[in-house]
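Subject: Structure handover and findings

Hello,

Please find the structure below. My notes on what was found in it follow.

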Amino acid sequence: DFTLNVEQIASNLVGFGGPDWSNNPKDLGAAVKYGNLVDRHQKRGSPVVPGSIKLVKEDAESTLFSVTILKSQYEPGYYEGDEFIAGTKVDFEEEFVKACREKRFIVRQFEYDPNQASNSAMAMEQLQVEVDGMRSGLTRWCKTHFGEAFVAWMHIKVIRVFVESVLRYGLPVDFTAVLFKAMKNKDDELTAALDKAFGDTSEQEKDEDLEGDEYHDFVLLKFDP
């Protein structure tokens, strides 16, 4: 649709000073008025090319259409006695933009450039190749370093367990660190079982009421890799 040559359409639709049969259909075939005797200003219509309105994109807030219009209209010259009065060129673009703004439509001029379109397509393909290459490299890097990152994460968890156990139970160090793997959606049941086995349920409920935080008689650190 964008390959349409609007300039060519405008040059082909030129009004000539022919007879005016629009007022009286009975006079068809008979010359009534010619040249400057024809009042064309009262017969001007919309410059929009019929059927040229196309929906480009639409979202929840706005809608974008493309429309093709005639750029201008040439009003032919005429003779006054022996003197020829040159015709004038009427610009449709400015009037079209003004009419759209009065209706609160935003108009942006667009000129299709086949060379620019092909360059943009080639640039898009090049960027896609670069993105695919970067994604492959990043995936390989992540697979290579995931093990090291996971081990470092586990070390941090172990250090935290040690520090919090010393702060809670004091010295000398006398505690046992255990790693439990809970089944899916069974975390709460495992925690309740540990509370029942190692803690005082009544004291735990009192502490929760006072502090508003989850408290256990043992150090509990959750680990979701």
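Helix H3 (114-169) and helix H4 (187-198) each contribute at least two residues to the lining of the second largest pocket. Helices here are DSSP runs of H or I with at least four residues, numbered from the N terminus. H3 supplies the most to that lining, with 7 residues.

The model is predicted: local features need pLDDT of at least 70, side-chain atom pairs count only at pLDDT 80 or more, and totals for chains, interfaces and linings use all residues. Residues are numbered from 1 along each chain as its sequence is written, and side-chain values use heavy atoms, with hydrogens and water left out.

The second largest pocket holds about 1,100 Å³ of space. The lining consists of 30 residues, and Val178, Leu179, Phe180, Leu220 and Leu221 are the closest to the pocket centre. A pocket is an open set of points on a 1 Å grid over the protein atoms alone, where a 1.4 Å probe fits, with protein on both sides within 12 Å along at least five of seven lines; lining residues have an atom within 4 Å of a point. The volume is the space filled by probe spheres set on the points, which are joined across faces, edges and corners. By class, the lining has 21 nonpolar, 3 polar and 6 charged residues. Nonpolar covers Ala, Val, Leu, Ile, Met, Phe, Trp, Tyr, Cys and Pro; charged covers Asp, Glu, Lys and Arg; the others, Gly among them, are polar.

On aromatics, the whole structure has 4 pairs (ring centres within 6.5 Å, using the six-membered ring of Trp; planes under 30 degrees apart are stacked, over 60 edge-to-face, the rest tilted). Phe146 and Phe150 form a tilted pair, because their ring centres are 6.0 Å apart and their planes are at 35°. The two are 4 residues apart in helix H3, about one helical turn. Phe146 is exposed at 55% relative accessibility, while Phe150 is partly exposed at 28% (buried is under 20%, exposed over 50%, partly exposed in between, with a 1.4 Å probe and protein chains only). Phe150 also pairs with Trp153, edge-to-face, with centres 6.5 Å apart and planes at 85°. Trp153 is partly exposed at 35%.

On confidence, the mean pLDDT (0 to 100 per residue) is 76, and 74% of residues reach 70 or more. Helix H1 (residues 6-12) has the lowest mean, 38, and H3 the highest, 90. Where pLDDT is low, the predicted coordinates should not be read in detail.

Regards

Key: pLDDT = per-residue confidence, 0-100.
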